[in-house]
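Visitor: Please take one part of this model and go through it closely. I would like the cut-offs stated along the way.

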Amino acid sequence: MTEHRGSLRIGHGVAWLVAAAAVAATTGRWIPAFDVLNSIAPVTFVAAAATVAAALWRRRPGMAGPALVALALCAIPILYETTRSIPTAPAGPAGVTIVTHNVRFDNADPSATATIVAAGNPDVILLQETDRHDWGAQFSEVRYPYRSACREAGCSLLILSRWPIIASRYRIRDPASGEQVGPRLVWATIAPPGLPRFDVATLHLDWPGPAQRRQRDDLAQSIGGLDLARLVLAGDFNLTPWSWAMRRSDADLAPLTRVTRATWSYPARIGSGTPLPLPLLPIDQLLAGPEWTLVGVDRLARTGSDHYPVRVRLVSRSR
């Protein structure tokens, strides 16, 4: 009997703990510190579902109640992500393939990383955390002869293209003052032969917190200096799609649409060492302007980084 009561208390404790985590995550809409709990919404959802199943099996309605609350609350951000509208189209002749990849400062195998990324046959490559290796040298200049130039300290971003880059710059400049505005990003104007030009930009946001909130606000205010209709913006956002912060960013960056839908990309390994069987967080994102429609998104093979590369195929409406 004592053992039964102990088991019952543990079961109720787990149910209330899961419910408390789900409720706290919901308040992340108003309390940013709690929004980090939304990053693991799918994990909390699975835990809540397992608790409900255990409660039904053991006929413990006291356990099922709080677990059902947690299940419902966790389902909300997951449903938002899985049902939001993304313009799609079949592959076409005016398509572009883009790979975004945080290559990690301490990449375990730069050569293999470049080989895996290039094997995805991208037209444009957007890289983050590029400081400690010569990533331009890792990629064939025959396949990717055009590269962004960014010599400023702390830039750590690189764009490679098989099509001409007719302009590139670190950060965005205010049209009136000419001063650099917005967060750290590198953007470039790409000129595919026989097709309309388009802008690409890559950035790396800090982990969630006050600094990242400022970066997201600055990005939303400054991005209008680029051609939003044909812009592709990608990088390591350090935000999962279940978070309120990501949903606010989606709204703030309109008319861009985030086309990466729960694309699991991190972590691929512990640091630059032990590989992990599955990534847990979809934090590498790509947004596209209204002139683009989505053909497909996929994750490439594990590289020497702790992120997976993400490949996105887009088709221009102006083909």
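Across which strands does H7 lie, and at about what angle does H7 run to E6?

Guide: This is a predicted model, in which local features need pLDDT of at least 70 and side-chain atom pairs count only at pLDDT 80 or more, while totals for chains, interfaces and linings use all residues. Residues are numbered from 1 along each chain as its sequence is written, and side-chain values use heavy atoms, with hydrogens and water left out.

H7 lies across E5, E6, E7 and E8, at about 50 degrees to E6. Axes are lines fitted to C-alpha atoms, for helices over the stretch in contact (heavy atoms within 4.5 Å), and angles run from 0 to 180 degrees between N-to-C directions. Helices (H or I, at least four residues) and strands (E, at least two) are DSSP runs, numbered from the N terminus.

Helix H7 covers residues 210-222. Its buried residues (under 20% relative accessible area, 1.4 Å probe, protein chains only) are Gln212, Gln215, Arg216, Leu219 and Ser222. They cover an arc of only 145 degrees around the axis, taken from the directions to the C-beta atoms, and therefore sit on the same side of H7. Arg214 and Gln221, on the other side, are exposed, that is, over 50%. The buried residues pack against E5 (165-173), E6 (180-190), E7 (198-204), E8 (232-236) and helix H8 (244-252).

The open sheet has six strands in the order E5-E6-E7-E8-E10-E9, with mixed pairing; two strands pair if DSSP finds at least two bridges between them. E5 and E9 (257-258) stand at the edges with a single partner strand each, so one side of each has no neighbour in the sheet. E9 pairs with E10 (residues 284-288) in the antiparallel sense over two bridges, and Arg258 stands opposite Leu287 in E10.

Notes: The expected span of a helix is 1.5 Å times one less than its number of residues.
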